[in-house]
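Subject: Structure handover

Hello,

Here is the structure I promised to pass on. Please open it alongside this message.

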Amino acid sequence: MKNSDPESSSLVRLNIGGKKFCTTIDTLTQREPDSMLAAMFSGRHTLCQDPEKGYVFVDRDGKHFRHILNWLRDGVVPTLKESEYTELLREAEYYQLLGLIDGISAVLSKKKEEDELHTELTRTDIIKCIQSEKVRFRGVNLSGLDLSKLDLSYVDFSYACLKNVFFSRAYLQCAKFRDVDAEASIFHNATLRECEFTGANLRGALLAGASLQSANLQDACLVDCSFCGADLRSAHLQSADLTNANLEGAVLEGANLKGAKLNNANLKGANLQRAYLRHVNLRDTHLEGAKLDGANLLGAIR
């Protein structure tokens, strides 16, 4: 049966970071009507289109876009490795695919429940422990645990293995994460004010929407991290490695980035007012639309 509105089902050619895809406007707009893709093809926006072949260009890595399209077609979360779920979650976040974000989070949560069988402590053990004062999990293996929405303020996780831990919406004010291995962990919308992450490995971690005011991230590995919309006001990021990190729309007002590595970091639309960027190499940093009023840029390479 043909759609009575031929325009809504018309073919769309997409070029996602060099990878090419074909789909329809129906696919891009119906399942996730509030997404960025639906907005792009609503007819309200001018698109960057190849005049010869008609491809619409989107400046994103196309590695996982086939999973994005299959989700929009079928509503099924793909079966992937855990590290790939983190990458797909970052893409879903960029395209504002709320249904896919929830679906991936549910898959990861279920996997973490299964992983608890192989950790030194379970979520229940953690809940019992945090009812006492001066809780310490120094050097403990908590990888894969679901610790979302718990009050873990002032807890000392220093030197612990926190790989793939789910801290989404947890309250972690003043918690200590010194020298932890928290690769690919999820801190989405977590409260991390005044936390200590010095020397921590957070490679590939998701910290979108997190509150990190005055947090200490000196010397931390933040490669491939997502800080989209995070609040990093007055954060200490001296000598942190933010290579390929996504800080689009993040608030870094008054943050100290002395000696930070920002190779290919995305700071589009970020608030860097009064930030300390003295002698920082910004040559390969994406700063389109960033606010730099009052920032210390003396000697910065641009």
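Below is what was found in it, from the overall build down to single residues.

Overall build

Please note that this is a predicted model. The protein has six helices and three strands. Along the sequence they come in the order β-β-α-α-β-α-α-α-α. The C-alpha atoms occupy a box of roughly 65 × 50 × 25 Å along the principal axes. The radius of gyration is 21 Å; a compact globule of 302 residues would have a value near 19 Å, so the two agree.

Buried residues account for 52% of the 302 residues. The accessible surface is about 14,600 Å², and carbon and sulfur atoms hold 45% of that. As for contacts between residues at least 6 apart in sequence, 20% link residues at least 24 apart. On charge, there are 37 positive and 40 negative, and their mean positions lie 3 Å apart.

The strands

Start with S1, residues 11–16. S1 runs antiparallel to S2 (residues 19–24), and six bridges join the two. Their hairpin has two residues between the strands. Gly17 in this hairpin has a positive phi, near 60 degrees.

S1 also pairs with S3, residues 55–58. This pairing is parallel, with four bridges.

Which residues does Arg13 face? In S2, the bridge partner of Arg13 is Cys22. In S3, Tyr55 stands opposite Arg13. When you look at these strands, remember that side chains in a regular strand alternate between the two faces of the sheet.

Ile25 belongs to helix H1, residues 25–29. Is Ile25 buried or exposed? Ile25 has a relative accessibility of 17%, and the cut-off for buried is under 20%, so Ile25 counts as buried.

From S3 into H3

His64 sits in the loop between S3 and helix H3 (65–74). His64 is buried, because its relative accessible area is 5%, under the 20% cut-off. Beyond residues up to four places away in sequence, His64 touches Glu84, Glu87 and Leu88.

Which residues of H3 are buried? They are Phe65, His67, Ile68, Leu69, Trp71 and Leu72. An α-helix has 3.6 residues a turn, so residues three or four places apart point the same way. Keep that in mind when you inspect the buried positions of H3, among them Phe65, Ile68 and Leu72. Gly75 follows H3 and has a positive phi, near 70 degrees.

Helix H5

Leu108 lies in H5, residues 98–115. Leu108 counts as buried because its relative accessibility is 2%. What does Leu108 touch, leaving aside neighbours within four places in sequence? Its contacts are Glu82, Tyr85 and Ile186. Arg233 is 125 residues from Leu108 along the chain, and the C-alpha atoms of the pair are separated by 30 Å.

Where to look

For the helices, go to Leu108 in H5 and then to the buried residues of H3.

Best wishes

Notes. Residues numbered from 1 in each chain as written. Predicted model: local features only at pLDDT ≥ 70, side-chain atom pairs only at ≥ 80, totals over all residues. Heavy atoms only, no water. Pairing = 2+ DSSP bridges. Rg over C-alpha atoms; globule rule 2.2 N^0.38 Å. Buried < 20%, exposed > 50% of the residue type's maximum accessible area, 1.4 Å probe, protein only. Contact = heavy atoms within 4.5 Å. Areas by Shrake-Rupley, 256 points an atom, 1.4 Å probe, with all protein chains shown as cover. Lys, Arg positive; Asp, Glu negative; His and termini not counted. Charge placed at Lys NZ, Arg CZ, Asp CG, Glu CD.
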